[in-house]
Amino acid sequence: MSGRRRRAGEGPGASLGEALPLERKLELYYWMRLTRTLEERLVALYRQTKVVGGLFRSLGQEADAVGSCYALESRDVMSPLIRNIGAMLVKGATPVEILKQYMAKGDSPTRGRELNIHFGDIGEAGRTRGFLGQISPLGDMVPVMAGVTLSFRMRGEDRVGLVYVGDGATSTGAFHEGINFAAVQKLPLVVIIENNGYAYSTPTHKQTAAKQFVDKAIGYGVYGEQVDGNDVLAVYDCTRRAVDRARAGEGVSLLEFMTFRRKGHAEHDNQSYVQPGEVEAWAADNDPVDRYVRVLLDREKVPQAALDEIDARIHREVDAATDVAEASPLPEPLDALVGVYADPPTERPLWYRDGADVSSLGRERAEGWGTWDAAKGGPR
Amino acid sequence: MAEITYLEAIREALDEEMARDQNVFMLGEDIGAFGGAFKVTDGLMAKYGEQRVIDSPISEIAIVGAAAGAAHMGMRPVVEMQFIDFMANAYDMLTNYVATARYRAFLGCPMVVRGPSGGYVRGGPFHSQNPEAGFIHTPGLKVVYPSTAEDAKGLMKSAIRDDDCVLFFEHKYLYRRIKGVMPAGDHVVPIGKARTAREGTDLSIITYAATVHKSLEAAERLQAEHGLSVEVIDLRTLAPLDDEAIFATARKTNRVLVVHEDTRTGGIAGEITARISETCFAHLDAPVLRVTAHDIPLPYAPALEDFVLPQVQDIITAARRLAAW
């Protein structure tokens with residue numbers, strides 16, 4: 001089974017995605033549309049300079065984030081990348097949390113310490129939502145998630161881990177060491193490579209000489225599948241199979257999702273390195289939301305009004321979240337010193353930030369200058 | 001109770017903590033079936049099984065990263081760097097991921113990264129390093145470096161129980177040369193507290209790890225041959241530094257020599273010197289002096305290694321200059 005490549009729908013039996021009941025298929029639509037609407041709101045806030053740092057879009061990748069994370073149980077743990085805002089939402093992160101993060105608010109999930117969707121909530125099953133925020137050095141979350149899933153095995157917990165990497169992160173040492181370690185230990189971990197064509201401005205062919213990333217599964221001795229990342233039901237199907245394998249003790253899977261990043265690395269990036277017409281072609285022919293709308297309307301016979309109702313509900317939710325986030329307080333500066341360590345719980349401000357009486361500083365000299373005594377003509 | 005070596009004291013701490021807390025486990029290269037390159041973990045796999053003493057691939061990033069992930073979930077991993085030199089391979093994971101986890105994400109990383117460190121053993125450039133300074137520069141990490149068998153055990157137990165990541169430097173020159181009698185019961189030495197290894201009044205030597213023993217030898221000779229009463233402070237913990245102990249000895253003797261085996265530029269001695277200068281300037285009779293390694297990758301040949309690393313005679317020379325200032 002190692003390293004096999006399979007297209008969704010080619011497997012034995014019906015697709016697990018196709019087999020989902022309609023109400024769950026509509027949930028998938030809700031999460032994808034929420035992702036897009038929330039990001040559009042973030043763009044508006046960015047242009048109003050209310051977003052403090054950069055803004056990272058997942059336009060065109062909503063199906064891969066939503067469909068894959070939807071294959072997890074609530075007790076499972078997922079570690080997202082910058083473009084997995086949809087996976088974060090599915091796992092329970094809220095629009096208001098994300099908005100507050102981007103606006104660096106004092107009551108944001110990281111209290112203004114970290115950027116964008118770099119936040120998490122992991123721990124005991126049932127008491128935490130099960131997402132672990134990434135850090136910026138890419139590939140690092142693979143070993144960390146190997147450790148999270150190692151803890152599941154050591155404690156005999158029926159939980160699975162899922163970690164996303166981009167095409168670029170596969171070039172890092174952390175990716176290699178992490179997936180190899182997890183494979184050797186046969187940990188319940190699903191590794192998803194989102195191949196969206198570019199790592200910042202670097203195209204895939206400058207990232208690897210491999211024909212496709214899923215081929216790496218053979219080298220690691222793990223199960224591999226490649227799937228159309230813009231087909232949300234196929235993504236769910238493929239991921240669900242890997243999650244089931246992990247839960248059954250069959251170890252690591254490496255999945256490659258074929259998709260395309262339709263915006264720059266971040267909003268400042270004008271994508272000058274992309275071939276003319278490439279973005280437009282993907283937008284016209286292969287938009288994951290448009291494609292799924294056609295599935296729902298044409299095949300599932302969902303009335304347009306039902307989708308419109310979901311869209312309207314999402315707009316109301318995002319409006320309400322925006323109001324809350326905008327009204328939220330900025331951090332108190334002294335909070336910067338809290339919580340580097342468990343013990344001590346806070347650092348002390350440096351003296352020039354501590355209200356020091358500057359005029360007194362020169363008078364700290366002891367009565368004698370050390371033990372030097374000039375009268376004796378030398379050191380004591 | 002019988003004397004045991006510094007190395008055995010560490011093993012005793014690991015064993016006791018594994019017995020005490022099911023969440024404690026070990027991860028590292030060749031630590032299980034083989035018992036580790038220096039045999040620090042010898043016998044632990046036989047006692048606690050492959051699930052709790054895990055032989056890993058040669059993957060320092062994965063070892064440290066997996067420890068962090070398990071630690072987030074409430075485990076207490078103790079990972080071995082086969083030689084502490086290889087901790088550089090996990091530098092990103094330690095400094096970018098582990099050190100920041102509590103602050104940026106409210107995630108605890110209760111884990112210990114331990115390994116054989118230091119020179120005087122003819123180990124050459126990659127089996128002799130003292131990379132502690134690079135990590136005390138990173139907020140979020142704790143760094144300990146014991147010089148006695150008693151401290152090695154007590155600090156290891158504290159490190160395992162600490163709710164943050166502790167880098168535990170073990171001096172390989174001391175592994176089998178230094179012995180001690182372990183205090184009875186649950187012997188725990190607090191992190192962040194220095195120790196007065198020798199009382200004195202004329203000048204202070206602030207040091208840690210193997211150079212504690214060199215400083216004590218120098219102090220004996222300075223007393224016997226030059227009539228100088230030398231105080232020796234063993235820092236034990238490098239992050240957080242015990243400012244109180246550093247300032248107390250500076251104010252007491254008014255002359256301070258900082259000694260370490262690490263290289264000079266950017267070494268911890270510079271930081272200690274700056275803190276004393278900022279806080280105890282009026283108490284000083286002389287500038288703070290340093291005895292350190294030369295700024296040289298550590299060479300293999302005995303004549304070269306001995307020249308590069310601080311020796312007892314260097315400490316005596318520096319102490320005499322300090323006393324004569």
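## Exercises on a predicted two-chain model

**Exercise 1.** Which residues does Val191(A) contact, leaving aside its neighbours within four places in sequence?

*Solution.* Start at Val191(A) and set aside neighbours within four places in sequence. The contacts that remain are Val142(A), Val163(A), Val165(A), Ile179(A), Val252(A), Ser253(A) and Leu254(A). The model is predicted. In soluble globular proteins, nonpolar side chains tend to be buried together.

**Exercise 2.** Describe the side of chain B that touches chain A.

*Solution.* Count first: the contact takes 36 residues from chain B and 40 residues from chain A. Then look for helices. On chain B, α3 (60-72) and α4 (91-105) each supply at least two residues. α3(B) gives the most, with nine residues. Last, sort by class: this side of chain B has 19 nonpolar, 11 polar and six charged residues.

**Exercise 3.** In what order do the seven strands of the open sheet in chain B lie?

*Solution.* Read across the sheet: β3-β2-β4-β5-β7-β6-β12, with mixed pairing. Now find the edges. β3 (53-55) and β12 (237-239) of chain B each pair on one side only. Neighbouring strands are turned by 20° against each other on average, direction ignored. Zoom in on β6 (residues 142-144) of chain B: two bridges join this strand to β12(B), and the two run antiparallel. Val143(B) has Ala239(B) as its bridge partner in β12(B).

Terms used
Residues numbered from 1 in each chain as written. Chains lettered and ligands numbered in written order. Predicted model: local features only at pLDDT ≥ 70, side-chain atom pairs only at ≥ 80, totals over all residues. Contact = placed C-beta atoms within 7 Å. Helix = DSSP H or I, 4+ residues; strand = E, 2+ residues; numbered from the N terminus. Nonpolar A, V, L, I, M, F, W, Y, C, P; charged D, E, K, R; others polar. Pairing = 2+ DSSP bridges. Axes fitted to C-alpha atoms, helices over the stretch in contact; angles between N-to-C directions.
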